[in-house]
Amino acid sequence: MELLRAVSLDVAVPGRHLLRGLNLNVSAGQCWALLGANGSGKTTLLHTLAGLLPPAGGSLWLQGAPLSRLPRGHIARLLGLLPQDSSDSFPATVLETALIGRHPHLGRWHNETEEDVEKARRALAQVELTALESRSCHTLSGGERRRLALATLLTQEPRLLLLDEPTNHLDLSHQMAALQHLRALADGDHRAVLMALHDVNLAARYCDHVLMLYGDGHWQAGPAAELLDETSLSRLYGHPMMCIAAPDGRRAFLPR
Amino acid sequence: MRLALIPLLLLLTLVSLAIGLGSGSVAVPLTEIGPALWGSDTLHSTVLLELRLPRLLAAFAVGGLLAVAGALLQVLLRNPLADPYILGISGGAAVAALLAMLAGLGGWWVSGGALFGALGSMLLVFGLAHSAGSWTPTRLLLTGVVVAAAWGALISFLLAVAPEHNLRGMLFWLMGDLSHGGEWRAPLALLALGLLLLFPFARELNLLARGELTAGSLGVHVGRLRLLIYFSASLLTAAAVTTAGSVGFVGLVVPHMLRLVAGADHRLLLPASALLGGSLLMLADTLARTVIAPQQLPVGVLTALIGAPLFLYLLQREAKR
């Protein structure tokens, strides 16, 4: 089932075209990696796909409806974004923070129910933050904050999860756990995931599709197995890369 | 703690009201307040109904308006140091009110001038911050702070050229003063109206406090919500300033006190701010007219004197946890 479709989408920041004529089709069950060098437009593209920025050209369709015309609350029930950074100006506990993910599902006059709290707790358990539930966010480490942001997105339960570098600040085991869980959401729960990643090998391991942004307007999208090779990655990062075979048969990419 | 907060604050409001009604040059014992309020035309009931009650209600309304406006602006600007006056509303009001005083006009002219100045300043800051298209909190904050600084310079100028006999009244106005027995119906009605209007948006305020991006991706229409906050906070502040001049401290500190005690959920914070701000100002005003009676102090002096130690105590307690 198609969730998000981009039709000849242009993305630009003042003075620069980042992406021209992107055609993209993200369906339930798919897990996309968004790859590109610094400043190639990954974050701007994610914000555009989330409907937070107007595209410079082209159109976006969410479950067949034009994204620009959908009410924000409706979008937030289908599509969620994990921002690159999150900051808290005012004190809040870990559970309260996860619970804000329920906002789009609640009416203006409704409060969170026991069921909502239960969902937030399950998401916290998923990222191993249960023990910190009543702590203030200010006392969390960088990695714990990142996992809390992920738990908030999981509590939101969107059909399409857009994530801006979800593995930032995470140690190795939490990186694997987070990506494994996202992969499982796509496989078992018919959700779709599109995430900006800096680690090509994580992308190759967990994602079935890649979207590569070259930063000059050019892009490539398609199955990861076909697109990930030495040539395209060397061009993408502006640094020669090589591909080696790991003992278990998987491919690994290393900078030369 | 949280569930008990509103009843506790209601109790505090009633106690503050009772203290305010009972104290003064004609002391009214607690047991006689009730009979005097509903009773016949005795001395006590005249004092209570015509002098103390209207003034206390005005104090409650002003304190509540300022505290709610402060809570809103802290979210809008995402800056814990924001207070209702940071964007120049009170400065604009003060310049217009002082001009009216200098012209020898009194009463309604001063209040009307303050209202006019406050609304003018609100539109000026909005126009300047908005004209370039993008309307970020930082841009709004900088515009507001600079406009406020310009009003500050004009206020100093007016004080410098003002004749001696006007100076005292002008200074009292600037520090915040309820002694001319201001109007209470309009500010109280506006406070109630503001709370009713804003309460349905309380959860969205919680999200906006966590940043535009988080709020936007969770379904908040950020642009519209910002406009709502800016204009409602400005109007609440304008109403407070028109009634009592620029009473300081309440709008900055009351929301923070409540955040320290009960967290940052605006469904609780908005009504609690109104009650705590109102109670604090009723107490402060009662002290203002009794500590060195028969002389009266500007209430703004006392809000900071009561509020600062209370706030520091809460801050220390929080740090120990």
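## Where the chains meet

This is a predicted model, so please read every value here as computed from it. The contact between the chains draws 23 residues from chain A and 20 residues from chain B. On the chain B side, helix 9 (202-208) and helix 10 (212-217) each supply at least two residues. Helix 10 of chain B gives the largest share of that side, with four residues.

By class, the side of chain B that touches chain A divides into eight nonpolar, eight polar and four charged residues.

## Helix 3 of chain B

Helix 3 of chain B covers residues 43-76, which is 34 residues. From its first C-alpha to its last it reaches 48 Å, close to the 50 Å expected at 1.5 Å a residue. There is a bend of about 35° at Arg52(B), and a proline, Pro54(B), follows within four residues. Just after helix 3 of chain B, Arg78(B) takes a positive phi of about 50°.

## Crossing with helix 12

Helix 12 of chain B spans residues 250-262, and its axis comes within 7 Å of the axis of helix 3 of chain B, crossing at roughly 70°. That angle makes helix 3 of chain B roughly perpendicular to helix 12 of chain B.

The contact of helix 3 with helix 12 of chain B has eight nonpolar, four polar and no charged residues.

## Single residues to look at

In chain A, Gln63(A) sits in the loop between strand 4 (57-62) and strand 5 (65-66). Its phi is near 45°, a positive value in a residue other than glycine. Gln63(A) has 17 other C-beta atoms within 10 Å and is partly exposed. His169(A) has a positive phi too, near 70°, and lies in the loop between strand 7 (160-164) and helix 6 (172-189) of chain A. With 17 C-beta neighbours inside 10 Å, His169(A) counts as partly exposed.

Back in chain B, Glu318(B) lies in helix 14 (residues 299-320). Glu318(B) counts as partly exposed, with 13 C-beta neighbours inside 10 Å.

How values were computed. Residues numbered from 1 in each chain as written. Chains lettered and ligands numbered in written order. Predicted model: local features only at pLDDT ≥ 70, side-chain atom pairs only at ≥ 80, totals over all residues. Contact = placed C-beta atoms within 7 Å. Nonpolar A, V, L, I, M, F, W, Y, C, P; charged D, E, K, R; others polar. Expected span 1.5 Å × (residues − 1). Bend = angle between axes of the 7 residues up to and from the residue. Axes fitted to C-alpha atoms, helices over the stretch in contact; angles between N-to-C directions. Parallel < 35°, antiparallel > 145°, perpendicular 65-115°, else oblique. Buried ≥ 20, exposed ≤ 12 C-beta atoms within 10 Å, placed from the backbone.
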